[in-house]
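Have the sequence and the 3D view open as you read.

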Amino acid sequence: MGIRIKRVAVLGAGVMGQGIAAHLANAGIPSYLFDIAPGELTADEQKKGLTLESRAVRNRIADAGVAAMVKTSPALLYRTDLASLVTPCNYVDDMERIGECDWIVEVVVERLDIKQRVFADVEKHRKPGSIISSNTSGLSVAAMAEGRSDDFRRHFMVTHFFNPVRYMRLLEMIPCADTDPDLFAAMAEFGEKVLGKGIVYGKDTPNFVANRIGVFGIVSTVHWMKELGIGVSETDKVFGPTMGRPSSAVFRTADIVGLDTMVHVIGTIAEGCPDDPWRDRFAVPEFLREMVGKGLLGAKTRAGFYKKVKGEGGSKIQAIDLETLEYADQPEARLAAIGAARKQDAVGDKIREMVWFDDKYGQLAWKVTAEIAIYSAQLLGEIADDIVNIDRALRWGFNYELGPFETWDAIGLERSVQRMRDEGMDVPPIVETLLAKGEGSWYVKRDGVRYFWDAASAEYRPVPTDTRAIYLPFLAERNAVISRNDGATLYDMGDGVACVEFHTKMNSIDAAIIGMLDEACERVNAGELAGLVVGNEAPNFSVGANVGLVAMLAMNKDWAGIEAAVKGIQDAHMKMKYCNGPVVVAPRGMALGGGCECVMHGDAVRAAAESYMGLVELGVGLVPAGGGCKEMALRHYGSIPHGVKADLFPFMEKVFTTIGMAKVSTSAEEARQYGFLKPGDKLSLNPEMLLADAKADVLAMLSTGYRPPLARKIPVPGEGGIAALKIAIHTMKMGGYLTEYDQFLGHKLAYIICGGDVPAGTELTEQQLLDLEREAFVSLCGEQRTMDRIMHMLEKGKPLRN
């Protein structure tokens, strides 16, 4: 049962309401954003002569919500102009608009009585068949639906988004007893395919799945850090990336969420779960109550577990001492457990190293990990039907790399259970059953398919996945590898389509990757393959070419080697662009420098919505030389219709500013505005479907009789453009905005994008522009100032990517 949602009413213009309305706009869905009509005028409104009947007054709160949505950082919208899809409304004047909406989502304060009043009003105005949901983080679904009509209850459910809505993948869905199961499934499909969310199916229990387990992890951490005498900042070091957690760890995350919110959530579990096996742990710690009483609420009050203070040497971050509630400098001692874990590559190996490390920090990691594992097993069946939903909830809602049961497998199930027994922990019966009847782990792989232990049936079942999704590791296990080298792999995706996957460190482009791109295109040109996808499942598509190698060649004065390397990249990119079959590039995360240039040379792009693209080479004293300058010129100058004489200077200025300021998009939509993506390039909001969508694009292009693009010449600004840009650069230099070397780099860039010393309007080929790029790049490698920049970055330990 598919559903079409054309318009949504979002009830509540606070932070979460703004986030939901913004993400609906990102998906192209218009919404009405409601909030209350104020009962009093502000001083500014009084000065303007407004009254309580003025529309500007009555919409003040909703208007402020839309305004905040546009200004929020990190950005809630893919592009700021998408805010036009959100219409501010108030409950007094606009309730009839709810009748226009296919979905009404409530996002008001977390009080049952208020929500019930809102739903009673909604029922008077909704159209039959419209979907109603609550974004509650843990109130009873049954209680919220109490007293509503049969049709209301059939269309009612919880859709719990996590904040910030755009970036957090989790969408928890919980039906009430009367929810239409077909409608519920259709809404889950909508959330997954249209909004790009990962769906976790929970049950009507306090705080549902992610918050129930995640908050327990916090209280367990607090308990054991105090038991072991470990401070706030050291605890955050333990529960950071080496434990598969985000760098914000425990207490930095708490500061972002807000300590008052944390107290509320802990209290909700203590109050609503009288039979919880660890209920004593959910007593709000006294230090936390005192901090809230003192107004130390975290980021919103600029002081929580951490506080930024100004000193003689500038600003620094201090951490609170939980005994004295005074702030002090963070200890700088390195933790041996973390050092040992960092030697491992895979996250599971890092976690295993941490929990088995023999010091108090390893003990902290072990105790908390063990208790989360036991708690998750104890709640299995109560909060969710299976381990998959619990693992996904923590991965998608708390940004853990591994969920509790995946972590249990990583540290060794049998070994860890034995240690739990030795330390007097209560191991749940379902774990004993798994050890007796299973294969010694919660997850197993069979014939390239991942299975999970289903506690209800005491057998392994396939992990639910979208049958359309394509996972490269599964292709490898099914012997679908066509070719492989140290930097890249070519996979058979089926239907004559292959995928080039990068797998160097941070997917930096090297000779091996270029070789694989060249080989893959040759296979298409020879008729062995019909088309290609260039993409991977790493967090970042590619951070660019490694200029550390360029620096080594430059120090050896191997100019021919540098030129050959750059020529190789240019040739591979041009081969992609003019391949005999469609080449669709599928970026996600960062695509910087050479990574961005690779994307720009696909015949089409299927980008993850969260793609951050930019030509950043000037930051290391170089220029884009893998075709980036050429493509930017082609897309801007070449956008002028044939036969139309237009001023090239505005186009030239945009190209120069975009490259010269090393602009990086904050979304794929913004990348389109910069020119890194073409108008017809497509986006996928669901990252798990990116490769499948890219393959579908290849097949669609083939089905209509694919022909490679025709090479063409473009007019360039020439000498006049160079002169104009030099004047602008000189002005910025005199104003103190540029250094002398920035000015020098600006002249190099201007020469390339203007087409060199030719008359204005001269038409150049792509190869002529590539030659200008390569010449400038090699010449800059001979500049000591460029090498100084690169060596400075090396000394600072920053990644060197072009």
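## A helix and its surroundings

Helices (H or I, at least four residues) and strands (E, at least two) are DSSP runs, numbered from the N terminus. Keep in mind that this is a predicted model, where local features need pLDDT of at least 70, side-chain atom pairs count only at pLDDT 80 or more, and totals for chains, interfaces and linings use all residues. Residues are numbered from 1 along each chain as its sequence is written, and side-chain values use heavy atoms, with hydrogens and water left out.

Helix α13 spans residues 286-293, and F287, L288 and M291 in it are buried (under 20% relative accessible area; exposed is over 50% and partly exposed in between, with a 1.4 Å probe and protein chains only). On the face turned away from the buried side you'll find the exposed residues E286 and G293. What covers the buried residues of α13? The cover includes α9 (210-228), α12 (259-272) and β10 (314-320). Not counting residues up to four places away in sequence, L288 touches L259, M262, V263, I266 and F305 (contact means heavy atoms within 4.5 Å).

## Cores

L288 turns up again in the largest nonpolar core, which has 96 residues; F282, L288, F305, I320, W408, M420 and W442 touch the most other members. A nonpolar core is a set of buried Ala, Val, Leu, Ile, Met, Phe, Trp, Tyr and Cys residues joined through side-chain atoms within 4.5 Å. Helix α16 (residues 360-379) supplies the largest share of this core, 12 residues. A second, separate core of 83 residues includes L529, I562, A750 and M787.

## Strands and hairpins

Strands count as paired if DSSP finds at least two bridges between them.

| Strand pair | Bridges | A bridge pair |
|---|---|---|
| β12 (residues 443-446) and β13 (residues 449-454) | four bridges | K445 and R450 |
| β13 and β14 (residues 459-462) | four bridges | F452 and R461 |
| β16 (residues 488-494) and β17 (residues 497-502) | six bridges | T489 and E501 |

The hairpin of β12 and β13 has two residues between the strands, and D447 takes a positive phi near 55° there. Y443 stands opposite F452 in β13. The hairpin of β13 and β14 has four residues between its strands, with A458 in the turn at a positive phi of about 55°.

There is also an open sheet of seven strands, ordered β15-β16-β17-β18-β19-β21-β23, with mixed pairing. β15 (481-484) and β23 (682-684) are at its edges; each has a single partner strand, so one side of each is left without a neighbour in the sheet. On average, neighbouring strands of this sheet are turned by 20° against each other, direction ignored. Helix α22 (residues 511-525) packs on the sheet, touching β15, β16, β17 and β18 (531-535), and its direction makes about 30° with that of β16. Axes are lines fitted to C-alpha atoms, for helices over the stretch in contact, and angles run from 0 to 180 degrees between N-to-C directions.
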